[in-house]
Amino acid sequence: MTTPTYDVVAIGNAIVDILSTCDDAFIAEIGVAKGSMQLMFSTEEADALYAKMGPGREVSGGSAANTVAGIAALGGKCGFIGQVADDQLGQVFAHDVRSIGIEFNTAVRAGDPTTGRCLIFVTPDGQRTMNTFLGAGQFLPAAAIDTAMIADSAILYLEGYLWDPKEPRAAMRAAIDCARGAGRKVAFTLSDVFCIARHGGDFRTLIADGLIDILFANESELAALAETDDFEAAVAKVSAQVPTLVVTRGEHGACAVQNGTRAQVPAEPIDRVVDTTGAGDLFAAGFLHGQAQGHALEQSLKLGAVCAAEIISHVGARPVVDMKALAAAKLG
């Protein structure tokens, strides 16, 4: 097997985040569960909610895209595969991802729908309520999969959010086949409980078939996947089926089980939680970067916690400090 050029290549939603602060009353007014993620299914619905937003800030996002952005900031070599439309938001996304050194060559999609967007409302306690219009991202075809780039990457990283639409699901299955055929690892994030509610059967089959090497979940997602609220029972059940299970636990830190060996780390202390958008994405970035660099399990978890703490200390899901210097200071 040849030494890979890329540390991680990710497939995910190509989305531009639009962030705005609000109070709890506004969340109640728009009728969504605080701290949740809901899908919007039309441009008209997205436009109507956007019209209700206060002043916002645009920054390229998407779960897997945030993760590779974090890895790139740590010094890793990354690629991204995702669909944008031939419009202004598509140009913003492409510029942002390429400007930080990520390889992004997916052809744009002509016509409707527009490039995906995520309207994120951040309340004073730092909780983020996300309203996502997948747009062009939900039409990522299997033909857009860059098999050469995947085969040349140590790890293929997939986000559960993109499993919902039919075309990207087929594209990700093709990507898994490509990575496995090249002897590379496949990492998968469950993304959200609603993804498990809709596609838990598929996810369990992928795991049972030995197609997932690294699985990311938070406590709620793990419980839904394992179909038990007993945390230790859920860890035992799922970790017996995947080589590496990583579970984030918010303020209680994170744990991982790798080939029977368990490690855990506390959450990194910060002065104040400003915005939890992207916390899981950047935790995955730190952990995957650590694994790609050959770090031990506990050190990879520690790097994930450091990255997550940096993200929740400010608004937005992309790093704003020198992540290589931060990692060096925290890990030595």
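Tutor: One definition to begin: two strands pair if DSSP finds at least two bridges between them. Also, this is a predicted model.
Student: Okay. How many bridges join β1 to β5, and are they parallel or antiparallel?
Tutor: Four bridges, running parallel. Strand β1 covers residues 6-11 and β5 covers residues 78-81.
Student: Which residue of β5 is the bridge partner of A10?
Tutor: F80.
Student: Where do those two strands sit in the sheet order?
Tutor: The order is β6-β5-β1-β9-β10-β11-β12-β13-β14. That's nine strands in an open sheet, with mixed pairing.
Student: Which are the edge strands?
Tutor: β6 (103-104) and β14 (261-265). Each pairs on one side only.
Student: Back up a bit. What does T5 touch?
Tutor: T5 lies in the segment before β1. Leaving out residues up to four places away in sequence, T5 touches K77 and D152.
Student: Why does T5 count as partly exposed?
Tutor: Because its relative accessibility is 45%. Buried would be under 20%, exposed over 50%.
Student: Switching to β8. Is that strand mostly covered or mostly open?
Tutor: Mostly covered. Eight of its eight residues, 128-135, are buried.
Student: Which residues are on which side?
Tutor: R128, M130, T132 and L134 are on one side. T129, N131, F133 and G135 are on the other. In a regular strand, side chains alternate between the two faces of the sheet.
Student: And what pairs with β8?
Tutor: Strand β3 (residues 37-40) runs parallel to β8, with four bridges. There, L39 has T132 as its bridge partner. Strand β7 (residues 115-122) pairs with β8 in the antiparallel sense, over seven bridges. L119 of that pairing stands opposite N131.
Student: How many residues lie between β7 and β8 in the hairpin?
Tutor: Five. G126 takes a positive phi there, near 90 degrees.
Student: Zooming out. How many helices and strands in total?
Tutor: The protein has 12 helices and 14 strands. Its radius of gyration is 18 Å, close to the 20 Å from the globule rule for 332 residues, so it is as compact as a globular protein of that length.
Student: What share of the residues is buried?
Tutor: Buried residues make up 55% of the 332.
Student: Last one: how far apart are the mean positions of the positive and negative charges?
Tutor: They are 3 Å apart, for 24 positive and 39 negative charges.

Methods
Residues numbered from 1 in each chain as written. Predicted model: local features only at pLDDT ≥ 70, side-chain atom pairs only at ≥ 80, totals over all residues. Heavy atoms only, no water. Rg over C-alpha atoms; globule rule 2.2 N^0.38 Å. Buried < 20%, exposed > 50% of the residue type's maximum accessible area, 1.4 Å probe, protein only. Lys, Arg positive; Asp, Glu negative; His and termini not counted. Charge placed at Lys NZ, Arg CZ, Asp CG, Glu CD. Contact = heavy atoms within 4.5 Å.
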